[in-house]
Amino acid sequence: MKESAPVQLLHDPLFATKGVQVYLKREDLLHPTISGNKWRKLKYNLQAAREQKKDTLVTFGGAYSNHIAAVAAAGKEYNFRTVGYIRGEAHQALNPTLTFAISCGMQLHYLDRETYRLKNTANFLEELQHKYPSAYLLPEGGTNLLALKGCTEILQDIAVDYDYIICAAGTGGTLAGLIAGLAGEKEIIGFPALKGGAFLQEDISQLIFSYGGQHYHNWELQTQYHFGGYAKIKPELISFIQYFKQQHQVQLEPIYTGKMLYGLYDLIRQEYFKPGTAILAIHTGGLQGLAGLEERLGLRLT
Ligand SMILES: *Cc1c(COP(=O)(O)O)cnc(C)c1O
């Protein structure tokens, strides 16, 4: 397991025209199966589980969830039993994400959407503890304070100078970790993958405060690049991902990193950044889900 991922300077005629520099931190290269930010979020949780003598990781997610895939892989590599509660009905043909999870030994249970919504209630959690007495519980998406701690390490040992950090946001845990780790330095922009991403503002503020007892004001969310919602995929986003791959030989996916970099290109085009600005974009990984998305949508992104 590598503790740091390479930083790559991106070359694009647009960046030259607008006088900005864009670097990409390749967290997608951190680990072959425990992808990018999910590895950062799990690291200290796995340590805590071991210290608490828990032998089972229990978690939640959608059928295409990068977090589910990462927990399954981590369980296999670090010798934990893993249990995944999947939102929705069981399908006859498993998608590649769930096939992978099962191949890592994860035990899957399906929860209808209504029951899934109750997963954080005292009743449900009590039942879980009863069923799996030695369970270490990881929330959906893996966001908790130990996850923030892991994400602060994304910015260790960056050898280049930069003014802005940009990162995609689902639960906002990764972004909160970056902001907490920077402790008021630089500017940070988050790109929510979900529609109505403004609710994240409050969640992220609270996470940062719980983590370090501080509030910071050097960050913002750009909420207009969700493309209609979490897994809504528009043709211009697909074309952008194909362009990006051709231009930079870097694969993106359409849920998180594709939207973030599309948004970055758009902001650069609008001259949001002063000439001379250096931007460090975080490639948070998440490529495991691509095969399933391509299959479901009948298109090619790779
Ligand atoms: C899960 C994920 C995110 C979102 O992380 P949060 O900490 O939930 O905001 C971003 N990018 C990728 C590739 C992911 O898999």
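The following legends describe close-up views of a predicted model. Local features are given only where pLDDT is at least 70 and side-chain atom pairs only at pLDDT 80 or more, whereas totals for chains, interfaces and linings use all residues. Residues are numbered from 1 along each chain as its sequence is written, and side-chain values use heavy atoms, with hydrogens and water left out.

View 1. The protein chain is divided into domain 1 (7-32 + 144-297) and domain 2 (37-142), with bounds that come from an automatic or database domain assignment. The centres of the two domains, taken over C-alpha atoms, are separated by 25 Å. In domain 1, 24 residues are in contact with 20 residues of domain 2, contact meaning heavy atoms within 4.5 Å. Between them the domains bury about 2,000 Å², of which 52% is on carbon and sulfur atoms; this buried area is the accessible area (1.4 Å probe) that two parts lose on being put together, summed over both. Twelve residue pairs, both at pLDDT 80 or more, are in polar contact between domain 1 and domain 2. A polar contact is a pair of N or O atoms within 3.5 Å; within protein, one must be able to donate a hydrogen and the other to accept it, and residues adjacent in sequence count only if both atoms are side-chain atoms. On the side of domain 1 that touches domain 2, the elements that give two or more residues are helix 7 (145-152) and helix 12, where helices (H or I, at least four residues) and strands (E, at least two) are DSSP runs numbered from the N terminus.

View 2. Salt bridges that share partners join Lys25, Glu27 and Arg40 into one network.

View 3. Arg26 is found in strand 2 and counts as buried because its relative accessibility is 11%. Not counting residues up to four places away in sequence, Arg26 touches Ala5, Pro6, Gln8, Val250 and His283. The C-alpha atoms of Arg26 and His283 are separated by 5.2 Å, although these residues are 257 residues apart along the chain. The side chain of Arg26 makes a polar contact with the side chain of Gln8 (2.9 Å) and another with the side chain of Asp28 (2.9 Å).

View 4. A nonpolar core is a set of buried Ala, Val, Leu, Ile, Met, Phe, Trp, Tyr and Cys residues joined through side-chain atoms within 4.5 Å. Of the 35 residues in the largest such core, Phe244, Leu261, Ile268, Phe273 and Ile279 touch the most other members. The elements that give two or more residues to this core include helix 10 (235-248), helix 11 (257-269) and strand 10 (278-283), and helix 11 gives the most, with six residues. Leaving aside its neighbours within four places in sequence, Phe244 is in contact with Leu10, Leu24, Gln249, Val250, Leu252, Leu261 and Tyr265. A second, separate core of 26 residues includes Leu148, Cys167, Ala176 and Leu221.

**View 5. Helix 8 and Thr174.** Helix 8 is mostly covered, nine of its ten residues being buried. Thr174 is in helix 8 (residues 173-182) and has a relative accessibility of 4%. Thr174 touches Asn37, Lys41, Cys151, Ile154, Cys167 and Thr284, not counting residues up to four places away in sequence. Just after helix 8, Ala183 takes a positive phi of about 45°.

Key:
Buried means under 20% relative accessible area, exposed over 50%, partly exposed in between (1.4 Å probe, protein chains only). A salt bridge is a side-chain nitrogen of Lys or Arg within 4 Å of a carboxyl oxygen of Asp or Glu.
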